[in-house]
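Let us walk through this structure step by step.

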Amino acid sequence: MGRATVADIKGRDFSELDKEAKANTENTNKGSNTNKNRNTTTSDSRGRKNRRRQKKTMVVHPVQRLFDACKDVFAHAGTGFVPPPDKIEQLSALLDEIKPVDVGLSPRMPFFSPQATRRAPTITYLHIHECEKFSMGIFCLPPSGVLPLHNHPGMTVFSKLLFGTMHIKSYDWVVGAPSNASAVAEPSQTAQRSEVRMAKVKVDSNLTAPCKTSILYPADGGNMHCFTAVTACAVLDVLGPPYSDLEGRHCTYYLAYPFTKFSGDEQISIPDEEKDKYAWLQERDKPEDLVVEGALYTGPVIREN
């Protein structure tokens with residue numbers, strides 16, 4: 001699949017600079033019959049000025065700054081990697097400043113339109129970059145679009161809501177809590193019997209852009225989450241490291257059951273008023289109605305060198 005080049009994105013700026021440089025050179029050459037040495041000096045001077053002017057015009061784009069920072073922050077990333085606090089703050093600050101226009105997005109694009117279908121709305125993914133250390137991409141959700149509950153094993157994930165309103169519900173495992181092997185999901189939802197594990201709700205609320213970047217960690221911050229589009233919305237995700245079956249970072253989907261659905265173990269003592277903050281999660285197959293289609297990323301092209 002082809003991609004737009006920097007020249008395509010910023011063609012007007014560069015062409016205007018080229019035309020200006022050529023015009024100055026042509027004007028200088030016209031006067032060369034009167035004083036070649038003087039005009040040669042003037043032409044060189046103007047050329048240097050034009051080059052300085054062009055350098056000043058070529059400002060580093062926000063997405064390029066983000067990419068450069070990711071290369072530094074995730075240079076040594078592996079399963080379980082968590083960047084140091086100053087690097088987390090650096091990436092969060094860069095993401096906080098990114099706007100839809102910076103990545104070539106507009107809410108008027110067709111994949112944000114409401115979909116009249118009995119199936120779950122199709123979600124669109126715009127691939128920006130992926131290597132073994134990190135990935136960058138954008139999930140585009142139409143109204144009522146859902147990214148079902150899934151995990152991010154051994155990963156640190158930054159999510160920036162670019163526009164719209166989204167409901168987020170996330171969980172973290174309760175360390176040391178016993179599993180409940182007697183639970184069985186509906187046959188249509190999972191291919192085999194699977195035990196359930198106890199998890200605690202981390203976030204259960206709506207986010208509306210503009211808002212701060214959300215961060216989840218390998219064992220904290222809501223590593224398992226579900227996104228539901230209240231309105232059309234777009235989320236820029238940075239994963240470090242990205243999913244990798246070979247390295248044990250497989251995306252697993254879950255069903256969530258209320259804590260009171262199954263008989264609790266006697267070792268678990270939770271006040272009644274706190275029980276709605278806990279749930280039982282059970283592995284499931286990838287939902288059959290989940291459709292994620294790739295589309296061309298039309299934002300600024302990243303320079304990888």
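A salt bridge here is a side-chain nitrogen of Lys or Arg within 4 Å of a carboxyl oxygen of Asp or Glu. By this rule the model, which is predicted, has 7 salt bridges. Three of them are taken up here.

Start with Asp 72 and Lys 87. Their side chains meet in a salt bridge, with 2.8 Å from N to O. Asp 72 sits in helix α4, which covers residues 62-73, and Lys 87 sits in helix α5, residues 85-97, so the pair ties together parts that are 15 residues apart in sequence. How exposed are the two partners? The cut-offs matter for this step: buried means under 20% relative accessible area, exposed means over 50%, and partly exposed lies in between. Asp 72 has 40% relative accessibility, so it counts as partly exposed. Lys 87 has 24%, so it also counts as partly exposed.

Next, go to Lys 212 and Asp 96. These residues form a salt bridge whose closest N and O atoms are 3.6 Å apart. Lys 212 lies in the loop between β6 (196-208) and β7 (214-216), while Asp 96 belongs to helix α5, so this pair ties together parts that are 116 residues apart in sequence. Lys 212 counts as exposed because its relative accessibility is 63%.

Lys 277 is partly exposed, at 39% relative accessibility. Glu 274 is partly exposed as well, with a relative accessible area of 29%.

Now turn to strand β2, residues 135-141. Is this strand buried or exposed? Of its 7 residues, 7 are buried, so β2 is largely enclosed by the rest of the structure. Look at each face in turn. One side carries Ser 135, Gly 137, Phe 139 and Leu 141, and these are all buried.

Which strands pair with β2? One is β1, residues 123-130, which pairs with β2 in the antiparallel sense over 6 bridges. β1 and β2 form a hairpin, with 4 residues between them. Within this pairing, Glu 130 has Ser 135 of β2 as its bridge partner. Another is β9, residues 233-240, joined to β2 by 7 bridges and running antiparallel to it.

Rolling a probe the size of a water molecule over the atoms shows where empty space is left. The count comes to 1 cavity of 30 Å³ or more. The largest cavity holds about 40 Å³ of space.

Which residues line the largest cavity? The lining is made up of Ser 159, Lys 160, Leu 161, Met 166, Ile 168, Leu 207, Ser 214, Phe 227 and Val 235. β4 (156-163) and β5 (165-173) each supply at least two residues of this lining. β4 gives the most, with 3 residues. By class, the lining has 6 nonpolar, 2 polar and 1 charged residues.

Terms used: Residues numbered from 1 in each chain as written. Predicted model: local features only at pLDDT ≥ 70, side-chain atom pairs only at ≥ 80, totals over all residues. Heavy atoms only, no water. Buried < 20%, exposed > 50% of the residue type's maximum accessible area, 1.4 Å probe, protein only. Pairing = 2+ DSSP bridges. 1 Å grid on protein atoms, 1.4 Å probe; cavity = no way out; pocket = protein on both sides within 12 Å on 5 of 7 lines; lining within 4 Å. Points joined across faces, edges and corners; volume = space filled by probe spheres on them. Nonpolar A, V, L, I, M, F, W, Y, C, P; charged D, E, K, R; others polar.
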